[in-house]
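Subject: Structure handover

Hi,

Here is the structure I promised to pass on. Please open it first; my notes follow below.

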Amino acid sequence: MSFLQMTGSNEFKLNQTPDDGISSVKFSPNTSQFLLVSSWDTTVRLYDVPANTMRLKYQHSGAVLDCAFYDPTHAWSGGLDQQLKMHDLNTDQESLVGAHDAPIRCVEYCPEVNVMVTGSWDQTVKLWDPRTPCNAGTFSQPEKVYTLSVSGDRLIVGTAGRRVLVWDLRNMGYVQQRRESSLKYQTRCIRAFPNKQGYVLSSIEGRVAVEYLDPSPEIQKKKYAFKCHRLKENNIEQIYPVNAISFHNVHNTFATGGSDGFVNIWDPFNKKRLCQFHRYPTSIASLAFSNDGTTLAIASSYMYEMDDIEHPEDGIYIRQVTDAETKPKLGKDIIGLVMKPDFRIPSGTLIVKIFSVVSHHLSQLAFGVAIQILLTGGHPCQGSLALSWRRGLLRVQSKLSQASVVFVGKAQLNPAEDPVHRSGFRWREEERERGEEGREGERRGEARRGEERRGEERRGEERRGEEREREREREREREREKRRGEERRGEERRGEERRGEERRGERRGEERRGEERRGEERRGEERREERRGEERRGEERRGEERRGEERRGEERRGEERRGEERRGEERRGEERRGEGEGEGEGEGEEERRGEERRGEERRGEERRGEERREERRGEERRGEERRREEKRREEKRREEKRREEKRREEKRREEKRREEKKRKLR
């Protein structure tokens, strides 16, 4: 297969590129001046391409996985923060439109229905009315949404598990078509044809499939797949994922970008690669043709296929493309068959094989191409010559006598119109010995093979119908399982809410009991403080009484001493007065006074002994009162301890009842 490898000065690299991996690039819907870029550095940036400057940027709280223009002045974006944002590019104001339950992978706009479409890893597709803006519907998908594309009023969704679903955006009540990818490995990208007839799907295994939306068998025969983005290194074929696809809106050709760093342009009708650009520094993460097809944005960004290793710097390249790179090459159609009157052609059928011819080009004239069959001979023409076209072969059937081919010319090509391809044709003369019987056998074999093909097609259609029925049954089972799961989760949520309410009630009860305990402790402390105050006051009273008793005893003793001194003074006065009396009389008196003094001393001693006994009895009474008071305090402490033990026992019983209740709920 011939193709061009394009390099040159018709491309440049944008300045102020994102600081992390580039996830998506999108041109403005009506001009190639503005380019919208989303990135893993949590930003969405708007570039003025001709000026090579960044006009503005806004941020998400997580990596941004996709972005899209709603109109020339409004951008939408979503990513790992699960939020869908709309940004006014004129006023630099943003608004939060809505959210998914998991990261948003895809954001697209459908102008035919005027709706924004988002696909998420939460296994849903959501539609958004951009005029309000608000959610216009949520639709479940069988698996995580990896990619999606809009084709007129139809939506093509690629999910995990190699599933492809086709929805009608005007009626999202059911899935219009359910398909399985014809590629064996995970789907990476889906893009719809601009002519709305089909779509192109790529996988991580270096393959691309061309599919058609019309389910009729005649159309489905046209679908095909091919290998691409594969390199041989040391005689080992390296296979790279095909990460990006973008269609040329004018020519219906498309570009693919892979992790090998190459960008290829493909002609899907002729099944040819038109050209290949130079190798870029690292993986191609995203591609975008401008609306008029003159500009291609190429995001070269490492996608961590080899984990976190040293890699070249990410960049965005702007390339001006030409028709020679993107326009399909017309087939070499026959526009003239010139024969001279004198020629010789054998009887039988001559088959002309013309390379690079596609049947849909036969209705057009291929300018710059001329094919002449020059024949010479010596006998005039006798009989007839018939030309027919079937399956890429020009059949020339003659019934001419004594004819033979003398000379065959070659195609004359115009290099200005077709700089890439060179093609010729060749003649193959069928053997004249083939008889009528052989041709009849061929017709019977052809009829038999046609019948077998039709039977095989019928059986295949029946198998596909059965498979579709099984798929519908599996889908219904998945829906039922999903509803049951939703019900289980709802019941679990309600049970959790009930348990939470019970826990909150228990916490409130515990707080009330704690408050009561603290109040009881405060009251007990107050009572103990009152008892201590009462004890202090009683002790003070007893001390005052003791001191009063002591003072009274001291006063009594002082009074007795003073009385004793007076009496002794009186006695001494009596003695002095009686000194002059007789000596004998004096001796007797002395004895009496001595006897009286001794008696008085004995009585004083007895009184003091009585006072001491009285003091001991008072001390004993006070000790008895102290013991009784101590006994009362001890009794109160025991009572307080019994009450505290009772409260603890009540708390343990309450905890046991709560545990029993929790076990019953579980």
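Start with Glu600. At 13% relative accessibility, it counts as buried, because the cut-off for buried is under 20% relative accessible area. Glu600 sits in helix H4, residues 583-665. Beyond four places in sequence, Glu600 touches Glu564, Arg567 and Arg607.

Now the overall picture. This is a predicted model. The average pLDDT is 80, and 80% of the residues score at least 70. Two stretches need care. Residues 1-7 stay under 50 in pLDDT, and the model has 25 contacts for them beyond four places in sequence. Residues 331-434 also stay under 50, with 180 such contacts. Where pLDDT is low, the predicted coordinates should not be read in detail.

The protein has 666 residues, and 41% of them count as buried. It contains four helices and 35 strands. Of the contacts with a separation of 6 or more, 48% are between residues 24 or more positions apart.

**The cores**

The largest nonpolar core has 17 residues; Val117, Leu127, Leu155, Trp167 and Leu169 touch the most other members. Seven strands are involved with two or more residues each: E11 (104-110), E12 (115-120), E13 (124-129), E15 (145-151), E16 (154-159), E17 (163-168) and E18 (171-180). E15 gives the most, with three residues. A separate core of 15 residues includes Val263, Leu274, Ile284 and Tyr317.

Which residues does Trp167 contact, leaving aside its neighbours within four places in sequence? They are Phe139, Ser140, Gln141, Asp153, Arg154, Leu155, Val157, Met172, Tyr174, Val175 and Gln176.

**Strands E11 and E12**

E11 is largely enclosed by the rest of the structure, because six of its seven residues are buried. E11 pairs with E12 in the antiparallel sense, over six bridges. Cys106 has Gly119 in E12 as its bridge partner. The two strands form a hairpin with four residues between them. In that turn, Asn114 has a positive phi of about 55°.

E27 covers residues 263-267, and five of its five residues are buried. Both faces are covered. Val263, Ile265 and Asp267 are on one side, with Asn264 and Trp266 on the other.

E27 has a partner in E26 (residues 254-258), joined by four bridges and running antiparallel. Here Gly257 stands opposite Val263. The E26-E27 hairpin has four residues between the strands, and Gly261 takes a positive phi near 85°.

E27 also pairs with E28 (residues 272-277), again through four bridges and antiparallel. Ile265 stands opposite Cys275 in E28. The E27-E28 hairpin has four residues between the strands, and Lys271 takes a positive phi near 60°.

**Cysteines**

How many disulfides does the structure hold? The number is zero. Cys67 is buried, at a relative accessible area of 0%. Cys275 is buried as well, with a relative accessible area of 0%.

**Backbone points to check**

Most residues other than glycine have a negative phi, and most peptide bonds are trans. These places depart from that pattern.

- Thr132 to Pro133: the peptide bond is cis, with omega near -20°. Pro133 lies in the loop between E13 and strand E14 (134-140).
- Gln82: phi is near 70°, a positive value in a residue other than glycine. Gln82 is in the loop between strand E8 (74-79) and strand E9 (83-88). It is partly exposed, with a relative accessible area of 28%.
- Asn252: phi is positive, at about 65°, although this is not a glycine. Asn252 lies in the loop between strand E25 (242-247) and E26. At 14% relative accessibility, Asn252 counts as buried.

Best wishes

Definitions and conventions
Residues are numbered from 1 along each chain as its sequence is written. This is a predicted model: local features need pLDDT of at least 70, side-chain atom pairs count only at pLDDT 80 or more; totals for chains, interfaces and linings use all residues. Side-chain values use heavy atoms; hydrogens and water are left out. A nonpolar core is a set of buried Ala, Val, Leu, Ile, Met, Phe, Trp, Tyr and Cys residues joined through side-chain atoms within 4.5 Å. Buried means under 20% relative accessible area, exposed over 50%, partly exposed in between (1.4 Å probe, protein chains only). Contact means heavy atoms within 4.5 Å. pLDDT is the predictor's confidence in each residue, from 0 to 100. Two strands pair if DSSP finds at least two bridges between them. A disulfide is a pair of cysteine sulfur atoms within 2.5 Å.
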